[in-house]
Amino acid sequence: MAISRYLESRKNIAGSACGLAGLVLTFTGVAGPYWPVVVAGLYGAGALVAPPERPAPPDLPDPSAQLDEVRADFEEVRAYLADIDLSVTAAARLRELTELLSALLDRDWSTQLLAHDPESVHALSRIVRRDLPEAVDSFARTRWWTRMTPGTQSPELHLEQQLGLMKKDAEQLAAGLRDAEARRQETHTRYLEERSDR
């Protein structure tokens, strides 16, 4: 395996080309009786000056493919959330958050915007895959313990606060995408104005 990799390497190809030049020198009579040394030396020189092998970059999914994965994960999270018993206020906050996330993950609206913004994809993924499931799961576990030890702070209040903070993050993300679209529209308007002034 290593031998076949070396045979296909740049060093071997460059060395072989220089070695062939050495054979040409031999047949023209320039190398004389030292032709093996000349051919080997030229091969070695060619192998030394050849650029090093560059490893192939990793085949990472583009943001569009990552968005498809986040969408699929969001559907799983929604199915999980449907089984959680929440207070009226927490359920309302959760509904607001999931509606906003659904809009951000809408295939027709956001794919083109988010595909050019890997940081937004990461922020959205963090809310869907980590923050939201962990908040609801810790609420469900804490609520059980609170029933056994009454008088402690209500886990619903923590959940409502966490959902509010996640909604704020999602709103900032949506505002950033809206601003990017507004800038794009303004740029196009300026372009059309400049073109009509010519």
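Colleague: Why is Asp73 called partly exposed?

Modeller: This is a predicted model, and in it Asp73 has a relative accessibility of 25%. Buried means under 20% and exposed means over 50%, with partly exposed in between, so at 25% Asp73 counts as partly exposed.

Colleague: What makes the meeting of Arg129 and Asp73 a salt bridge?

Modeller: The side chains of Arg129 and Asp73 meet with 2.5 Å from N to O, and the cut-off is that a side-chain nitrogen of Lys or Arg lies within 4 Å of a carboxyl oxygen of Asp or Glu, so the pair meets the definition. The pair links distant parts of the chain, since Arg129 is in helix α7 (residues 118–148) and Asp73 is in helix α4 (residues 63–82), 56 residues apart. Arg129 is itself partly exposed, at a relative accessible area of 38%, and Glu69, Asp73 and Arg129 are linked in a network of salt bridges.

Colleague: How many salt bridges does a search of the whole structure find, and how do you know that Glu171 and Lys167 form one of them?

Modeller: The search finds nine. For Glu171 and Lys167 the N to O value is 3.5 Å, which is within the 4 Å cut-off, so this pair is a salt bridge too. Both residues lie in helix α8, four residues apart, about one turn of the helix. An α-helix has 3.6 residues a turn, so residues three or four places apart point the same way. Glu171 is partly exposed at 40% relative accessibility, and Lys167 is partly exposed at 23%.

Colleague: Which residues of α2 are buried, and why are they said to be on the same side?

Modeller: The buried residues of α2 are Asn12, Gly15, Gly19, Gly22 and Thr26. They cover an arc of only 80° around the axis, which puts them on the same side of α2. On the other side of this helix, Ile13, Leu20, Val24 and Phe27 are exposed. Just after α2, Gly29 takes a positive phi of about 90°.

Colleague: Which residues touch the most other members of the largest nonpolar core?

Modeller: Of the 31 residues in that core, Leu101, Leu104, Leu124, Leu132 and Leu159 touch the most other members. The elements that give two or more residues to this core are α4, α5 (88–104), α6 (107–115), α7 and α8, and the largest share, eight residues, comes from α7. Leu159 is among the buried residues of α8, and, leaving aside neighbours within four places in sequence, Leu159 is in contact with Leu86, Ala90, Ala135, Val136 and Phe139.

Colleague: Is Arg190 buried or partly exposed?

Modeller: Arg190, which lies in helix α8, has a relative accessible area of 43%; this value falls between 20% and 50%, so Arg190 is partly exposed.

Conventions: Residues are numbered from 1 along each chain as its sequence is written. This is a predicted model: local features need pLDDT of at least 70, side-chain atom pairs count only at pLDDT 80 or more; totals for chains, interfaces and linings use all residues. Side-chain values use heavy atoms; hydrogens and water are left out. Buried means under 20% relative accessible area, exposed over 50%, partly exposed in between (1.4 Å probe, protein chains only). The arc is that of the directions from the helix axis to the C-beta atoms. A nonpolar core is a set of buried Ala, Val, Leu, Ile, Met, Phe, Trp, Tyr and Cys residues joined through side-chain atoms within 4.5 Å. Contact means heavy atoms within 4.5 Å.
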